Amino acid sequence: MSATVTTTKSTSTPGKGNGPASRMSLGKVLLIVAGALVALSVLRAFADAAQQADFDRVTSSGQIAAALSMAVPIGLAGLGGLWSERAGVVNIGLEGMMILGTFFGAWAGYQTNPWMGVLAGVLGGAVGGLVHAVATVTFGVDHIISGVAMNILALGATTYLAKRWFEPLSDIGGSPKNSPQVDPIQTFTVPGLSDWLADLENHHWFLVSDIAGILGGLVTDISALTVVSILLVVGSFFALWRTSFGLRLRSCGENPTAAESLGVNVYLYKYAAVVISGALAGLGGVFLALVRSHIYNEGQTGGRGYIGLAAMLFGNWRPGGLAMGAGLFGYSDALQLRNGGATVHALLLLVALGLAALAVWRIVRKSYVAGAVSGAAAVALLLWYALTDTVPGGLVSATPYIVTLLVMGLASQRLRMPKANNRPYRKGQGT
């Protein structure tokens, strides 16, 4: 049974992925990362010479730690979307399932302990996924309509329950808009290594201090739930691409009729994928409630379910690319929250240089119009950076959403979704 059917050039290695995404090898990814680090170090040295401190914060350990904590809920939502869409079910309801995770995680967490809150939030998201599966798989409701309805239903249900359950707890911090305080989930720091990296970072050496700041943010005060989330990304890759279960599930998203003809219970696999999708999104909501703020707040998901979908699309429905996309969006989110307009202003120069490199690459590939557009955008951003000292507050708060739009605009030409995504399927078509 084949889950995907692709056409590759004669120079491609058989069996190594599909489509344009397969050409991004590990070596190329590492080369891009190394180039970005060198560019950051050069710009930071330039800023130090000009007595501008903006770039010192771009690679600081605090910035990286904040970016990681912002990336985790986005990545979990995107991972949920990946499971669902690999089985052929579009899950726009990830935002609602995250809302259920935030509410039930905090509700159980303040009554018992944080880990029971994690379990309750995951189950809340899974119930949301089950409702979406019943609507789309069993009753054939349009996936987009069902997902939007799930978002509305989750918001309405949690608003009502918060008034019933949290408002009477005003003496311990509850209100119709938020829960009482929840005990934090334990964090850990790698002993010795964290202090050594902090010392290297404080020396402000070219490249070395930047790498130390990035690594230091990844080994200092890391939540146990962050480690669980990273393991889930790795585990999802092995489950979906290295097991017979994953092959059958992906075949349901590529050609469910053929899968059924070979004995696959398509309904069962679609149900399993969407329920797992909801559970992962619920875990992302739990992270926001129990790690980021230790409290449930109405509206605290802030559209991260939709950004998670964008991260999934950026990653071309693959866990590794999804993790990179979540890291990018989480970094931009943390940048505007921690340091405001001055550091986002420094980001303008980085984006300008990236667009200039893209313009050169486009022109070399003889895409002259695209190269000219990228070059003009690079010049405009360079002028903006040179003529201003900060970025207006409205643009600062919109930074993660602007980054999402820009990245999706650049990545849209290489996307290849599962073939049966959002297509109706009735049991018995393959018999």
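Me: Leaving aside its neighbours within four places in sequence, which residues is Asn-421 in contact with?

Reply: In this predicted model, Asn-421 is in contact with Glu-85, Gly-88, Val-89, Val-90, Gly-253 and Trp-317, once its neighbours within four places in sequence are left aside. As for its place in the chain, Asn-421 is in the segment after helix H17 (399-411).

Me: Does one call Asn-421 buried or exposed, and why?

Reply: A residue counts as buried when its relative accessible area is under 20%. Asn-421 has 8% relative accessibility and therefore counts as buried.

Me: Which residues touch the most other members of the largest nonpolar core?

Reply: That core has 34 residues, and those touching the most other members are Leu-82, Trp-83, Leu-240, Leu-249 and Met-312. At least two residues of this core come from each of helix H2 (61-86), helix H3 (94-111), helix H4 (114-138), helix H8 (224-241), helix H9 (244-254), helix H11 (266-292) and helix H12 (304-314). H11 gives the most, with 8 residues.

Me: What is Met-312 in contact with, leaving aside its neighbours within four places in sequence?

Reply: With those neighbours left aside, Met-312 is in contact with Gly-78, Gly-81, Leu-82, Glu-85, Trp-317 and Leu-322. A second, separate core has 22 residues, including Met-70, Leu-349, Ala-352 and Val-396.

Me: How are two packed helices described?

Reply: One gives the angle between their axes and the distance between the axes. Here, H4 and helix H5 (residues 143-165) pack at an angle of about 150°, and their axes are 10 Å apart. Angles over 145 degrees count as roughly antiparallel, and H4 and H5 are therefore roughly antiparallel to each other. The crossing in which H4 passes H5 is right-handed.

Me: Which residues make the contact of H4 and H5?

Reply: On the side of H4 they are Gly-128, Val-131, His-132, Ala-135 and Thr-136, while H5 brings His-143, Ser-146, Gly-147 and Met-150. By kind, the residues of this contact divide into 3 nonpolar, 6 polar and no charged.

Me: How many residues apart along the chain are Ala-135 and Ile-145?

Reply: They are 10 residues apart along the chain, and their C-alpha atoms are separated by 9.7 Å.

Methods. Residues numbered from 1 in each chain as written. Predicted model: local features only at pLDDT ≥ 70, side-chain atom pairs only at ≥ 80, totals over all residues. Heavy atoms only, no water. Core = buried A, V, L, I, M, F, W, Y, C linked by side-chain atoms within 4.5 Å. Buried < 20%, exposed > 50% of the residue type's maximum accessible area, 1.4 Å probe, protein only. Helix = DSSP H or I, 4+ residues; strand = E, 2+ residues; numbered from the N terminus. Contact = heavy atoms within 4.5 Å. Axes fitted to C-alpha atoms, helices over the stretch in contact; angles between N-to-C directions. Parallel < 35°, antiparallel > 145°, perpendicular 65-115°, else oblique. Left-handed = near helix turned anticlockwise from the far one by under 90°. Nonpolar A, V, L, I, M, F, W, Y, C, P; charged D, E, K, R; others polar.
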